[in-house]
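Here is a friendly note to read alongside the model. Please keep the 3D view open as you go through the points.

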Amino acid sequence: MEAIKREITDYWTGRVEKFEALRLDELNSDKRGRWLDELHRYLPTGRKLNILDIGTGTGFFSFENPTFEPESFDTIVTRNLTSFLPNLPEAYKKWHSLLRKGGILINFDGDYYHDHSHAPLPENHAHKDLTAEQNAAYAHIESEMRALQQPRPKWDVELLAGAGFHDCRVDRDCYHRIYCEIDKFYNPTPIFCITARK
C-alpha cells in the first residue's frame, strides 16, 4: 500500500501548479455559489461549528492522518479525496472518532475507477493538458486502486456503517446541480455527495 501512496503523491505533486490555478479559477466562477449551496444543504444550522476540511489538496473546501483529539469537530468535509485513499475503511474509522456525537461527514467524490460514462471534454479542460507521462501514471493508479476499491457509493455506505456512522445518505443529483454545463471545470465522472452522522 505504501507504493501506491507514493505514486498518488507523485502524480498530484506533478500536477499541483496547474491544478491549483484551476481550483482558484473555479473558486472565482459561478461554481463557487453552487458549491456553497451544496454545503449549506447539509451543514447544521443555528450554531457555530468546528469544521475539518480533509485532504483538499490546494484547499478548495487538508490532512490525511489527522492528529486531533477525538470528538473535536461538528463536521468533516472532503472533496475528491476518498477515491485516492488506499485504505478507505481506516480513514472512515478515524474520521468517525474525530466527530462529536451527532456530527456529520460530508463527502463529495465519484467512482473514478469503475465509472466509464465520460462525456467528451472541451479543448480548454484541465485533462487535455496532461502529459503522456501523467496519463500513464494515472492509468497505473487507476488500475491499482480499482483492485482496492469496490463500486461506489454503495461501498461507502457499507464502510461508513462498519465505522459506526448512521443515517448514511447518497445524493447523486448534486452532480447535475454543480456541473450543469461542460466547461473547463467539468467533471466527466458523475460525482455524488454522501453524508453520514455519528
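Predicted model: local features only at pLDDT ≥ 70, side-chain atom pairs only at ≥ 80, totals over all residues.

1. Let's begin with the general idea. A pair of packed helices is described by the angle between their axes and by the distance between those axes.

2. Now find helix H3 (residues 88-98) and helix H5 (residues 154-162), which pack at an angle of about 50° with their axes 9 Å apart. That angle makes H3 oblique to H5. The crossing of H3 past H5 is right-handed.

3. Which residues make the contact between H3 and H5? From H3 come Leu88, Pro89 and Tyr92, and they meet Trp155, Asp156, Leu159 and Leu160 of H5. Sorted by class, this contact has six nonpolar residues, one charged residue and no polar ones.

4. Next, turn to the buried side of H3. Leu88, Ala91, Tyr92, Trp95, His96 and Leu98 are buried in this helix. Because they cover an arc of only 160° around the axis, they lie on the same side of H3. Their cover includes strand S1 (51-53), strand S2 (73-79) and strand S3 (99-110), as well as H5.

5. Finally, take a look at Asp156, a residue of helix H5. Is Asp156 buried or exposed? Its relative accessible area is 0%, so Asp156 is buried. Setting aside neighbours within four places in sequence, Asp156 is in contact with Leu88, Tyr92, Asn107, Phe192 and Ile194.

Notes:
Residues numbered from 1 in each chain as written. Heavy atoms only, no water. Axes fitted to C-alpha atoms, helices over the stretch in contact; angles between N-to-C directions. Helix = DSSP H or I, 4+ residues; strand = E, 2+ residues; numbered from the N terminus. Parallel < 35°, antiparallel > 145°, perpendicular 65-115°, else oblique. Left-handed = near helix turned anticlockwise from the far one by under 90°. Contact = heavy atoms within 4.5 Å. Nonpolar A, V, L, I, M, F, W, Y, C, P; charged D, E, K, R; others polar. Buried < 20%, exposed > 50% of the residue type's maximum accessible area, 1.4 Å probe, protein only. Arc of directions from axis to C-beta.
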